[in-house]
Amino acid sequence: MRFFGTIAMGFVLFVSGGATCARRPSTIPYPPPPVVFNETPTIQQVVEVVNRTSAVTQLSTNSASVEMLSMPGLPTLNATMNLQRDKNFRLRASIPILLGMGMDMGSNNETFWFEVPENMTKTLYYANHNQYQQQLDRAILPVDPTWIMDALGLAQIDPATVIAGPLTLPDGKLQVRTTVATAAGNYSRDLFIEKNAGYVTDQFLYNPSGRLVAQSQASGHRYYEQQQCALPHRVDLNLVPASGPALTMRISISDYTVNQLLSGDPNLFVMPTSATNSVDLTTLSGAPMISAVPSPGPQAYTADASTAYPIRGTTSSTLR
């Protein structure tokens with residue numbers, strides 16, 4: 001199945017007429033998050049701070065952008081994004097002059113989908129969550145796209161799944177390794193956590209054989225006082241299939257509305273039905289795919305935190 005190749009060719013339609021999209025201006029500085037760790041914390045303390053994001057039940061924005069980094073010839077796309085725990089998610093991105101022919105990625109409690117333009121029509125790729133989990137070891141996409149919700153700053157740590165950490169790295173960041181049970185076996189997940197403010201910056205997901213299948217790198221964190229947690233405003237995602245090129249994308253968010261959806265659409269989390277063609281991903285396997293454009297692939301973890309906001313203040317105890 002030429003899945004990623006089809007996506008690449010579909011998006012080429014966006015630029016065939018020379019369309020461009022201006023980049024958004026840099027966001028203004030916001031108050032940095034407070035210090036929560038003054039010394040190496042226990043795993044219980046790390047879990048408490050990271051899991052503060054459970055106070056965020058909804059995130060919504062009409063001022064996002066999407067860059068397909070593995071398809072460097074494409075312009076930046078304007079996007080809207082809405083999510084609601086646990087599996088409701090909708091990301092729609094397009095160039096303004098080609099509304100209706102953009103990318104539509106979404107999920108609800110039963111199904112996830114990815115709709116893209118193909119020639120002058122649209123193709124909808126979809127799958128039932130439970131059925132897809134049964135075949136992750138041979139699936140076209142290496143993870144269920146609801147993993148993106150974790151990458152957007154909502155990752156949680158179940159202390160019962162922790163198998164290592166917190167380990168202090170040379171740059172001061174903390175590393176915690178957990179297991180993720182699936183029908184295909186136990187995956188492992190490495191979380192890298194900012195040493196003072198306690199938010200997750202990087203995630204690496206490995207399949208049961210130890211192969212990297214997904215990575216996220218979050219930056220531009222802002223502190224949300226009411227929820228007592230920091231959320232990233234730029235997230236780089238890398239999905240690494242068993243064959244073919246990696247799919248690498250960047251989601252940038254100018255502003256969030258927290259715990260409120262900026263949409264009155266009753267079908268916000270309903271899978272679209274307007275596509276001419278539809279493909280059930282559970283019927284496909286990871287056969288060789290087109291390598292239309294060389295992909296930069298997943299980037300190794302780096303200690304460079306220059307894009308993160310600074311840490312505010314000090315505290316008299318280890319955990320605030």
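1. Val66 touches Pro75, Thr76, Leu77, Ala79, Leu91, Ala93, Met103, Met249, Arg250 and Ile251, leaving out residues up to four places away in sequence. Contact here means heavy atoms within 4.5 Å. The model is predicted: local features need pLDDT of at least 70, side-chain atom pairs count only at pLDDT 80 or more, and totals for chains, interfaces and linings use all residues. Residues are numbered from 1 along each chain as its sequence is written, and side-chain values use heavy atoms, without hydrogens and water.

2. Val66 also belongs to the largest nonpolar core, which has 51 residues. Val66, Phe89, Leu91 and Leu152 have the most contacts inside this core. α4 gives the most to it, with six residues. Apart from this core lies another, of 13 residues, among them Val49, Val50, Ile157 and Ile193. A nonpolar core is a set of buried Ala, Val, Leu, Ile, Met, Phe, Trp, Tyr and Cys residues joined through side-chain atoms within 4.5 Å. Buried means under 20% relative accessible area, exposed over 50%, and partly exposed in between (1.4 Å probe, protein chains only).

3. How enclosed is α4? Seven of its eight residues are buried, so α4 is largely enclosed by the rest of the structure. The buried ones are Trp147, Ile148, Met149, Ala151, Leu152, Gly153 and Leu154. Helices (H or I, at least four residues) and strands (E, at least two) are DSSP runs, numbered from the N terminus.

4. The largest pocket has a volume of about 690 Å³. Of its 27 lining residues, Gln133, Thr146, Trp147, Asp150 and Val180 are the closest to its centre. α3 (129-133), α4, β8 (174-182) and β9 (185-193) each supply at least two lining residues. β8 gives the most, with five. By class, the lining divides into 11 nonpolar, nine polar and seven charged residues. Ala, Val, Leu, Ile, Met, Phe, Trp, Tyr, Cys and Pro count as nonpolar, Asp, Glu, Lys and Arg as charged, and the others, Gly among them, as polar.

5. There are four cavities of 30 Å³ or more. The largest cavity has a volume of about 180 Å³. It is lined by 20 residues, with Val49, Gly198, Tyr199, Cys229 and Ala230 nearest its centre. α2 (43-50), α4 (147-154) and β13 (229-231) give two or more residues each to this lining. The lining has 14 nonpolar, five polar and one charged residues. On a 1 Å grid over the protein atoms alone, a cavity is a set of points where a 1.4 Å probe fits but cannot get out, and a pocket is an open set with protein on both sides within 12 Å along at least five of seven lines; lining residues have an atom within 4 Å of a point. Grid points are joined across faces, edges and corners, and a volume is the space filled by probe spheres set on the points.

6. The structure holds two aromatic pairs. Phe112 and Tyr132 have ring centres 5.0 Å apart and planes at 80 degrees, so they are edge-to-face. Both are buried. Phe192 and Phe204 are also edge-to-face, at 5.6 Å centre to centre and 80 degrees between the planes. Rings of Phe, Tyr and Trp (its six-membered ring) pair if their centres lie within 6.5 Å; planes under 30 degrees apart count as stacked, over 60 as edge-to-face and the rest as tilted.
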